[in-house]
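I am opening a notebook on this structure. The entries below record what I looked up, in the order I looked.

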Number of protein chains: 2
Amino acid sequence: MRVLYHYILCPLSRKVRLTLAEKKLDFSLEQERYWEKRPAFLQINPAGDVPVLIDLNGSTVCGAYPIIEYLEEAYPERSLIGETLTQKVEVRRLMGWFDDKFARDVTMPLVMEKNLRRYMSGTTPFAPNSHVIRTAQAAINPHLDYIAWLIDRRNWLAGEQFSLADITAAAHLSIIDYLGDVPWDKHPLAKEWYMRIKSRPTFRALLQDRVPGTMPSIHYPNLDF
Amino acid sequence: MRVLYHYILCPLSRKVRLTLAEKKLDFSLEQERYWEKRPAFLQINPAGDVPVLIDLNGSTVCGAYPIIEYLEEAYPERSLIGETLTQKVEVRRLMGWFDDKFARDVTMPLVMEKNLRRYMSGTTPFAPNSHVIRTAQAAINPHLDYIAWLIDRRNWLAGEQFSLADITAAAHLSIIDYLGDVPWDKHPLAKEWYMRIKSRPTFRALLQDRVPGTMPSIHYPNLDF
């Protein structure tokens, strides 16, 4: 069986889970508390982070970027990066937008303050930084505006076809939505796009995720929110 | 003429410059002070960062990851990612190592404190944070150990062939070397590997780079250091 080492609130792990599901590739999940630097896991990935994929043939692929490109080449039946060079440039540009810019502005600070800090703070008492949280909650708005701008012009984020641009953006937003920090009411076009993704069968497993000690927002599992 | 928008101390821009040179593709450089968010540049890349490549046919490619994958596919004559799936997985894993981990530990803090902060601090007086600098200077050592570990087992970082793993690592190290913060004497194997890359003709343009207000280390342009 294919194995994916992941962390439940890691956007890169969610992106790979969705990609595997969209390509109809079976896999089992192993949650890795990567910050604990488990020696057996460091043997698999010396960088010590998730996601890591062990494919059927035993190939170990470390990191979201190598995994995504590997899956596209090893399982090309359903391409999610696009067919032409121009399409690929646009899909990869938007992957970068969300994995770099959105992650830095929104996902990383919110996941750190609301979830990871309790594990990583060691002996220091766990105290979320409310200033960091408020800054990230405000920073999400221009990103949702940008999604709306794109969706006003295209069927999906990178063009007419559903692609890894949509998967990447939805992977990040699904985490922020779990934490209850997406102001959907102020962004109807982005919401309409997200509802379309949320209702895909491949998204179902994510909606059943539960994080110990952190309840999801009430509407998190609902397709109509 | 092909145009690359870059910043002189941006490791991702240097990686693309080296890749274009290794593929023998002519290009001209446009330095972009991307933090100034020049409106005409935001029209080209709404994310507002470098590198951005305008190819001969007018294609605009934003971001190092899209540019690298684009160049590999558009100009496959000299592959720098590898031929087999296994090789590509290893090259991309090591690109991620340096662009994510090394950048976070070493390149970003040193470039920020020693160079960018003077432009980005606005009206606040420019004062490098010496604690951040010392932490980054110490953090480089395990990375140089890892390079030595790889080079003890392989001809180049990702295997027998020179690849984008070497280009990426050298792009980052060339910047830290400019700033005079690579403890080469303590890392002879990593130094031997870097000397081999530094003596490649494609590296020459980088050795002529000069940053206003920041002199390079004395040995920066020397092939024998």
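**Entry 1: the two copies**

I superposed chain A on chain B and found that a rotation of 180 degrees, with 0.0 Å of shift along its axis, does it at an RMSD of 0.0 Å. The two copies are thus related as by a two-fold rotation axis. I note here that the model is a predicted one.

Next I asked which residue of chain A comes closest to the rotation axis. That is A:Tyr65, whose C-alpha lies at 4.5 Å from the axis. I also looked up the contact residues: 100% of those of chain A recur in chain B, and the same surface serves both copies.

**Entry 2: chain A as a whole**

I listed the secondary structure of chain A and got eight helices and four strands.

For the dimensions, I took the box along the principal axes; the C-alpha atoms of chain A fill roughly 50 × 45 × 30 Å. I looked up the accessible surface of chain A as well, which comes to about 9900 Å². Carbon and sulfur atoms hold 55% of that surface.

How many of the 225 residues of chain A count as buried? The share is 57%. I then turned to the contacts in chain A with a separation of 6 or more, and found that residues 24 or more positions apart account for 67% of them.

**Entry 3: the sheet in chain B**

I moved to chain B and its sheet. Strands of a sheet pair through backbone hydrogen bonds, either parallel or antiparallel. In chain B, four strands form an open sheet in the order β2-β1-β3-β4, and the pairing is mixed. I marked β2 (28-31) and β4 (60-62) of chain B as the edge strands, since each pairs on one side only. Direction ignored, neighbouring strands of this sheet are turned by 20 degrees against each other on average.

Which residue of β2(B) is the bridge partner of B:His6? I found B:Gln31 there.

Last, I checked what packs on the sheet. Helix α1 of chain B, residues 11-22, does so, touching β1, β2 and β3 (52-54) of chain B. The direction of helix α1 makes about 155 degrees with that of β1(B).

Methods: Residues are numbered from 1 along each chain as its sequence is written. Chains are lettered from A and ligands numbered from 1 in the order in which they are written. This is a predicted model: local features need pLDDT of at least 70, side-chain atom pairs count only at pLDDT 80 or more; totals for chains, interfaces and linings use all residues. Side-chain values use heavy atoms; hydrogens and water are left out. Two strands pair if DSSP finds at least two bridges between them. Helices (H or I, at least four residues) and strands (E, at least two) are DSSP runs, numbered from the N terminus. Axes are lines fitted to C-alpha atoms, for helices over the stretch in contact, and angles run from 0 to 180 degrees between N-to-C directions. Contact means heavy atoms within 4.5 Å. Copies are superposed by least squares on the C-alpha atoms of residues with pLDDT of at least 70 in both. Buried means under 20% relative accessible area, exposed over 50%, partly exposed in between (1.4 Å probe, protein chains only). Accessible areas come from the Shrake-Rupley method with a 1.4 Å probe; for residues, only the protein chains shown count as cover.
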